[in-house]
Amino acid sequence: MKILITGCNGQLGSELRTLQAEYPEHEFINTDVEELDITDQEKVEQFIDTHEIDGVVNCAAYTAVDRAENDKEACTSLNTVAPALLATAIERRGGWMIHISTDYVFNGKSYRPYREDDTPSPDSVYGSTKLASEFGVTKFCRRSIVIRTGWLYSSFGKNFVKTMLRLGREKSSLGVIFDQVGTPTYAHDLAKAIMSIIQKGIQPGIYHFSNEGVTSWYDFALTIHRLAGIEGCQVNPLHTEEYPTPAHRPHYSVLDKTKIKKVYALQIPHWEDSLRHCIAIIEQA
């Protein structure tokens, strides 16, 4: 198959690129904004037809959650319009699409892990545009999968893990939110899950994926420092109100992964095991 990867320079796109050599039976066409403007309908249709694309993995997204509150047009263009254009173009070829969404489609007021059939209720521009993308993708491409994830990190790009490693070595103390609870997702594990889905075949629908387990940002930070051997930085717990941001963050965004594990027979690592692996790669760089 010829598979188009969008957002190939992001965390998830970069992790997908590291796996591609293991699948020589497929031809992967990696693109970012320099190679393909996915907000341009004509360019999308021409690219997909010219390259005879069989499937699309859309990793591209506007992820500056706070900036999105005052940049709704650009956020909507990349997060809502572009996925619908990709879905429409690949549907014309009878192809399939895997689209990445977010835990931010939920408002975080639940008391149990969110299932795929729970009613979304986003509280931010980012979350609203990603929810709209789910509707567009599933409407315009019959063979489509939406994967909701959250708290993504990797050895590539900028993320919470790298920030905590840097600040832990630069500062004697720092404050981290303790009343927002979720599950970190190692982008490499998500990339492997996507490759597994491609190999086993598209079973259309919405799925949830993160690593196993539950934690807070505060405990996540403590674990990062412990695994990296950082001892000289005091991490203090903060209430969300003590660290105000333009965009609302869900207080609880744990995702129930029963469906994706059952349908695709996935074995998902615990978040701390994956974190240990990622830190080792970062520290070797």
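**Strands first.** I began with strand β1 (residues 2-6) and strand β2 (residues 27-30), which run parallel and are joined by 4 bridges. Strands pair here if DSSP finds at least two bridges between them; strands (E, at least two residues) and helices (H or I, at least four) are DSSP runs numbered from the N terminus. I found Leu4 opposite Ile29 in β2. With helix α1 (residues 11-19), β1 and β2 make a right-handed β-α-β unit; right-handed means that, with the strands pointing away from the viewer, the path from the first strand over the helix to the second runs clockwise.

**Ground rules.** I note that this is a predicted model, where local features need pLDDT of at least 70, side-chain atom pairs count only at pLDDT 80 or more, and totals for chains, interfaces and linings use all residues. Residues are numbered from 1 along each chain as its sequence is written, and side-chain values use heavy atoms, leaving out hydrogens and water.

**Rings.** I looked up aromatic pairs (Phe, Tyr and six-membered Trp rings with centres within 6.5 Å; planes under 30 degrees apart are stacked, over 60 edge-to-face, the rest tilted). The count comes to 11. Phe160 and Phe220 are stacked, 5.2 Å centre to centre with 25° between the planes. Phe160 lies in helix α6 (residues 160-170) and Phe220 in helix α8 (residues 217-228), 60 residues apart. One aromatic cluster holds Trp151, Tyr153, Phe160, Tyr186, Trp217, Phe220 and Trp271.

**Glu272.** I placed Glu272 in helix α10 (residues 271-284), and it is buried at 19%. Setting aside residues up to four places away in sequence, Glu272 touches Thr223, Arg226 and Leu227, with contact meaning heavy atoms within 4.5 Å.

Methods. Buried < 20%, exposed > 50% of the residue type's maximum accessible area, 1.4 Å probe, protein only.
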